[in-house]
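Let's take a friendly walk through this fold, strand by strand. Here are the sequence and the structure to look at side by side.

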Amino acid sequence: FLVLFALVLLAGCGEKEDPVYEVSFDTDGGTAATVIQAKKASDINLPAITKEGYTLVGWFVDSAKTIEFTANYDLNGNITLYAKWEKAKFTVKFLVNGNSIEEQTVEYGDAAVAPAAPDIEGYTFDGWDKEFTTVKSNLEVNAKLNLKKYTVKFMDGAKELSSQEVEYGKAAVAPTNTEKAGYNFKNWDKEFSNITS
């Protein structure tokens, strides 16, 4: 009889089930996250959420976001986890002829600050090729450069034989109408194969 009683008693004292708790998520403006159920913290699959212009820092157990949630947290009741975000940061590179002259780290939505206009011999600076007042991604901003142009005049005394616009570093083309009564043409008084002024 005692053995039978002990067996009945043991059968009635089976293992106790762990309680199940509700876990909700405050995404602080991020994409929505569904309420889930879990018995312990290590069972919780944290949702992959996004928020434009921000990077998720982590999930926190307090609304002040000072205590970070981990798989070791002692889950002993329903809980709300709070998402903490920081503004996304992007790199803005300013380039001249393919070479970086300055790099800046800019937070989402903020403006980069243009460096001083590049002073490149033979070129005029004509602004930057991209807008960078509201940065929302990594950017490479290239200087727009135009070759300078110079006027080259071929003269016979006070008489102009030819006038040309020549780009920096290029050659002017000498005129052929150099005939002058009583004279043989000798040469021009300046070099004009590499115009820089």
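## A sheet built around β5 and β8

Strand β5 (residues 89–96) and strand β8 (residues 139–147) run parallel and are paired over four bridges. Strands here are DSSP runs of E with at least two residues, numbered from the N terminus, and two strands pair if DSSP finds at least two bridges between them. Within this pairing, Leu95 has Asn142 of β8 as its bridge partner. This is a predicted model, where local features need pLDDT of at least 70 and side-chain atom pairs count only at pLDDT 80 or more, while totals for chains, interfaces and linings use all residues. Residues are numbered from 1 along each chain as its sequence is written, and side-chain values use heavy atoms, with hydrogens and water left out.

Asn97 sits in the loop between β5 and β6, and has a positive phi of about 50° without being a glycine. With 56% relative accessibility, Asn97 counts as exposed (exposed means over 50% relative accessible area, buried under 20%, and partly exposed in between, with a 1.4 Å probe and protein chains only).

Gly122 belongs to the loop between β6 and β7. Is Gly122 buried or exposed? Its relative accessible area is 3%, so Gly122 is buried.

Strand β1 (residues 21–26) pairs with β4 in the parallel sense over four bridges, and Ser24 has Thr80 of β4 as its bridge partner.

Two loop residues are worth a look. Asp28, in the loop between β1 and β2, is not a glycine but has a positive phi of about 50°; its relative accessible area of 35% makes Asp28 partly exposed. Lys65 lies in the loop between β3 (54–60) and β4 (79–87) and counts as buried at 19% relative accessibility. A polar atom of the Lys65 side chain is 3.0 Å from the backbone oxygen of Ala83.

β9 and strand β10 (residues 159–167) pair in the antiparallel sense over eight bridges, with Lys159 of β10 as the bridge partner of Asp156. Two residues lie between the strands of this hairpin, where Gly157 takes a positive phi near 65°.

Strand β9 (residues 149–156) also gives the largest share of the lining of the largest pocket, five residues. This pocket holds about 470 Å³ of space. Of its 20 lining residues, the closest to the centre are Met155, Phe185, Asn187, Trp188 and Asp189. On a 1 Å grid over the protein atoms alone, a pocket is an open set of points where a 1.4 Å probe fits, with protein on both sides within 12 Å along at least five of seven lines; lining residues have an atom within 4 Å of a point. The lining divides into nine nonpolar, four polar and seven charged residues.

Methods. Points joined across faces, edges and corners; volume = space filled by probe spheres on them. Nonpolar A, V, L, I, M, F, W, Y, C, P; charged D, E, K, R; others polar. Polar contact = N/O pair within 3.5 Å; in protein donor to acceptor, adjacent residues only side chain to side chain.
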